[in-house]
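Okay, thanks for making time, everyone. I'd like to walk you through one model today, so let me put it on the screen.

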Amino acid sequence: MSELLQFLFSGVTIGAVYALVALGFTIIYNASDVVNFAQGEFVMLGGMITWFAHAAGLPLPLAALIAIAATACLGVAMNKLMIEPARGAPVVSLIIITIGASIFIEGAAQLVFDKQIHSFPAFSGDAPIRVGGATILPQSLWVTGGAIAVFVGLWLFFTRTLLGRAVLATSNNRLAAQLVGINTTFVMTLSFALSAAIGALAGVLATPITLTSYGVGIGFALKGFAGAMLGGMGNPKGALVGGFAIGMIEALTAGYLSSQYKDAAAFVVILAVLFFLPQGLFGRTSTDRV
Amino acid sequence: MKMTPKTATLLVLAALIALTPFFFPSGYYYRVGALLFVNGIAVTGMVILTGYAGQISLGHAGFAGIGAYACALAPVHWGLHPALAVILGAAISAILAFLVGRPILRLKGYYLGVATLGLGILVAMVLNNERQLTGGPDGMAVPELGLRALLKGWGLTLSNGEFWYFFCGLVLLVGAWLALNLYASPTGRALRALHGSEVAARTVGIDVARLKLQAFVISAVYASVSGSLLALQNKFVTPDVAGFMHSIEMVTMAVLGGVGSVLGAIFGAGILTLLPQVLTVFAEYEQMVLGLVMVLVMIFLREGLLPSVLRKFRGKDE
């Protein structure tokens, strides 16, 4: 029993990171119908910039803040330079553009930073907390709390603020949103900034546990993408559940079946879910307009 | 005499394959050329799947992995001749594509993307993890094809590089010929119809599910053969051949050059094969440049390089 609990704890921890990445995917997808494969690079940048700023002598909270702000700016730049000019391009082209951006950022990170693996100290120490025979690291609580806080924050933003509703309106119907006076270009910019900041936050929170290096982005991107798809693309609740589910499946597979195939389990489940629910767990059934 | 686009494409391709070696400064270029043709074969499969039928796959490297490892494993374990192993690999790829194709191809756009991505990743993971069989991430040796020795017996002596250059070139030519025939056939027309509008295709009585499956299986065979040839000429194979990055490379090559036409896609394969060779001088910047090229071509030349360039030329003529 304590063994199961232990696996669940590690599943929740890694699942929270995936959920954050999946939320990032969702925000951009809703605003622009683009699946941004560079989402994982935001996580990488969050961790790397924080490490370098911290190593340069800045206190950790300030370093983290700088990392999140810088990554958000990069997200905006990416939108302006790569996504906006490609408006209306087919799905394959958009996939290649964002994967190209991901490869570009990874290549640049090798040059600007280095090729080492880095980590910084956990926020509230490394003393494990004992719960029901299993242990959990304080940093795991930070990550999980972070994911839930971001989700609640987004929910409030999208339902309670005018700006958030403008984003929702844009995702429902871009043209109609423009007609009622919503600045959809600004909504896009905002979405990329928000999404990049959330990715960077995930990197900041996760690095004391998962470590970081220039190449970690693509793994996070694939798992987060899988989580978002599992829940149903474009649905924040789906992204949260999907992300946590992928983390759980991974941890349970690693614990009970085979640690080598833990990455496989997530994709087997996705294939199975998509076979039976082609729109994911929470996705709307789409109808083609002829 | 008026040439059909099909004959023109094949003639251009054959001429390029036959004449380029006259400009090779060293034997090394045969190797680069052979790699280009191997990529060209896989990319021709992507033209059928993405260019004709309009479906995406982010996991076709999985089939290349099956083809490659069939050539590595079957000769050792079952004493199969490597040439037959190529066919075995293609058959396994086709069967796998057939089995998973039907449920997967019901999906559209990004959902299809993630499903094929998962498929490719699963294949790569099996190759990485079944160490006792595949040697794991370190890879394994692949036996000699033996065709070169056979040709020597007939009095045709080729260096290793020359042999693979012309052999892969020939296979590419055959692959392109088949793809172009498919394009002009009723099946090809139906595929293009379904690309234009699935609903419209269905209303005129096209069996959409079966056609998509056909395109998926055919393109899987192309990828598998390309993987086999890569393994056989390297005489070594690692799980990278089935990796995510290889899948992305395939899609990028096809779309970069122009996924609508065989020649365009092969042109894209050429660019992405040659780019790393040119960039070895700036090894540090290789990744950045690759990413940048992908982004810029997709933004400014949406139909791909070759069609966009051709249009420019035509525009000047008029």
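Bookkeeping now: it's a predicted model, where local features need pLDDT of at least 70, side-chain atom pairs count only at pLDDT 80 or more, and totals for chains, interfaces and linings use all residues. Residues are numbered from 1 along each chain as its sequence is written, with chains lettered from A and ligands numbered from 1 in the order they are written.

On to the overall fold. Chain A has eleven helices and two strands; these are DSSP runs, H or I of at least four residues for helices, E of at least two for strands, numbered from the N terminus. Along the sequence the order is α-α-α-α-β-β-α-α-α-α-α-α-α. The C-alpha trace of chain A spans about 55 × 50 × 35 Å along its principal axes.

One helix to look at: α10 of chain A, residues 236-257, is mostly covered, with 16 of its 22 residues buried.

Now the interface. Chain B puts in 32 residues and chain A 38, where contact means C-beta atoms, placed from the backbone, within 7 Å. On chain B's side, the elements giving two or more residues are α5 (109-129), α12 (244-257) and α14 (286-300).

Notes:
Contact = placed C-beta atoms within 7 Å. Buried ≥ 20, exposed ≤ 12 C-beta atoms within 10 Å, placed from the backbone.
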